[in-house]
Number of protein chains: 2
Amino acid sequence: MSENRWAPPPVLLAVDLVILTLRDSRLHVLLVERGVEPYRGALALPGGFLNNPGESLEQAAHRELSEEAGLDAARLHLEQISAYGDPDRDPRGRIISVAYLAIAPGLPEPAPGTDAADAHWVPVEEILHRRLTLAFDHVDIIADGVERARVKLEHTALATAFCETPFTIAELQRVYEAVWGVRLDPRNFYRKVQGVPGFIVATGSSRRTARGRPARLFRAGSRTLLNPPIVRPGRPETGEDS
Amino acid sequence: MSENRWAPPPVLLAVDLVILTLRDSRLHVLLVERGVEPYRGALALPGGFLNNPGESLEQAAHRELSEEAGLDAARLHLEQISAYGDPDRDPRGRIISVAYLAIAPGLPEPAPGTDAADAHWVPVEEILHRRLTLAFDHVDIIADGVERARVKLEHTALATAFCETPFTIAELQRVYEAVWGVRLDPRNFYRKVQGVPGFIVATGSSRRTARGRPARLFRAGSRTLLNPPIVRPGRPETGEDS
DNA sequence: GCAAAAGTGTTCATCTTACACCCATGA
DNA sequence: TCATGGGTGTAAGATGAACACTTTTGC
């Protein structure tokens, strides 16, 4: 920290949320339609300014989670992605945004009549591949959040945050497939996840499905770090140099 | 973002730097002795307030890097770690700090007489294991930065940022050993790093050492993402659950 | 020649992958 | 009994750890 005789210019600080969930086996992010300028009418991440003098960044994220998305903040994964501070990222002036990644089990379309009435689940693929235009730098923030989720699926028990408790191994597999955008062999996946000590724990009961043999039910284990990791199928080699 | 009729309270924004390097085969971080309250006389990370209205967070980090550490910002690894915003992290008031991780090849002790005269390289181990007392929440920030470096050594070419160009494979191995705190088999390491396409490229020449066969010299390749990864030796299993 | 560090070959255990096969259910 | 998804066995190939061994230097 430098000397404090000179007063540094204050900035505004916002918290934005990348809320991911699985709907119909596809990865979705929650976006809200902006009611005010700038970017009025455009889709944006839910979020808001840090407004309580005593609240931490994480507490602000929890508050926005319930205010803007109507989500019970308790019992849901929340972690910081990054801070975004380009001088021209917001036309209103110098606004630094701290983005958080939240992950929730499949949720219904936000109910009309609430604060979250103008919120919608949008497939991540539409934003990242079709480059749907969003407000501010929110496409970049979503890309960073999704990449974070992709990486953490390998080494942490993050995938269970996408599932209701209890869940089947097939449901867990759909999480990996949707987030990574790959197909996995169900037989090998079955053994692989069971081979990680502490990852998932059998509840003892089963669940009947539309057809086929009933699936055993599991809940998340106490272990948050996975070893051995659940490795992502290797992307194709792109040989360069020697 | 919420409505803008009500003005949110401004906060002060600081940028702090976790500058890592290898000295004598041990991981060190650069710390400065604080000349002003609070924490006068204590060791702290180099950093300062965001003071130029038009500068991005990353530009501010580069500026602090040259002002406080006397480092030519160009050509050195710099990435954001996280934002830290606990309400009571700074006794002066509400100050949010965005921390950056910088990695540099072995550098001399900062020269007296410069802005960086009160800066010192401190072994990371002393801070993390002996829990040396630092100003603010800087121990946590260093822990996060070191953990980031540890993880990224596996999947990215970050290790080359610790080395001068050109470097030997043994030097690269010392980076992995110091950051991970492990011993690696030189023969297997030798082949492993050469087996990752694009990671390191032979320059064609060699360097004589004090004794022993001269080592081939390499420079960083164009590939930043490593596959296959350089895997960290498995930490011991801690069996829980089933 | 000897010590030391660089670099190579080889073996054995383990992990991954692919896929044949069996199990339990609804229709 | 058939179709379907859940779950098990297993063999071939790839990977990784351990370590014997060769190469090239300074002394």
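The dialogue below takes up a pair of helices and then a DNA strand.

A: Please bear in mind that this is a predicted model.

Q: How are two packed helices described?

A: They are described by the angle between their axes and the distance between those axes. Here, the axes of helix 4 (residues 169-180) and helix 5 (residues 186-194) of chain A come within 10 Å and cross at roughly 100°. Angles of 65 to 115 degrees count as roughly perpendicular, and these two helices of chain A are therefore roughly perpendicular to each other.

Q: Which residues of helix 4 and helix 5 of chain A meet?

A: Helix 4 contributes A:Ile169, A:Leu172, A:Gln173 and A:Tyr176, which meet A:Pro186, A:Phe189, A:Tyr190, A:Val193 and A:Gln194 of helix 5. Seven residues of this contact are nonpolar, two are polar and none is charged.

Q: How many residues surround DNA strand C, and which are the closest?

A: There are 19 residues around DNA strand C, the closest being A:Arg187, A:Asn188, B:Arg187, B:Arg191 and B:Arg216. Of the DNA strand C atoms within 4 Å of the protein, 56% belong to sugar and phosphate. The surface near DNA strand C comprises ten charged, six nonpolar and three polar residues. Its largest share, four residues, comes from helix 5 of chain A.

Note on methods:
Residues numbered from 1 in each chain as written. Chains lettered and ligands numbered in written order. Predicted model: local features only at pLDDT ≥ 70, side-chain atom pairs only at ≥ 80, totals over all residues. Heavy atoms only, no water. Axes fitted to C-alpha atoms, helices over the stretch in contact; angles between N-to-C directions. Parallel < 35°, antiparallel > 145°, perpendicular 65-115°, else oblique. Contact = heavy atoms within 4.5 Å. Nonpolar A, V, L, I, M, F, W, Y, C, P; charged D, E, K, R; others polar. Near = heavy atom within 4 Å.
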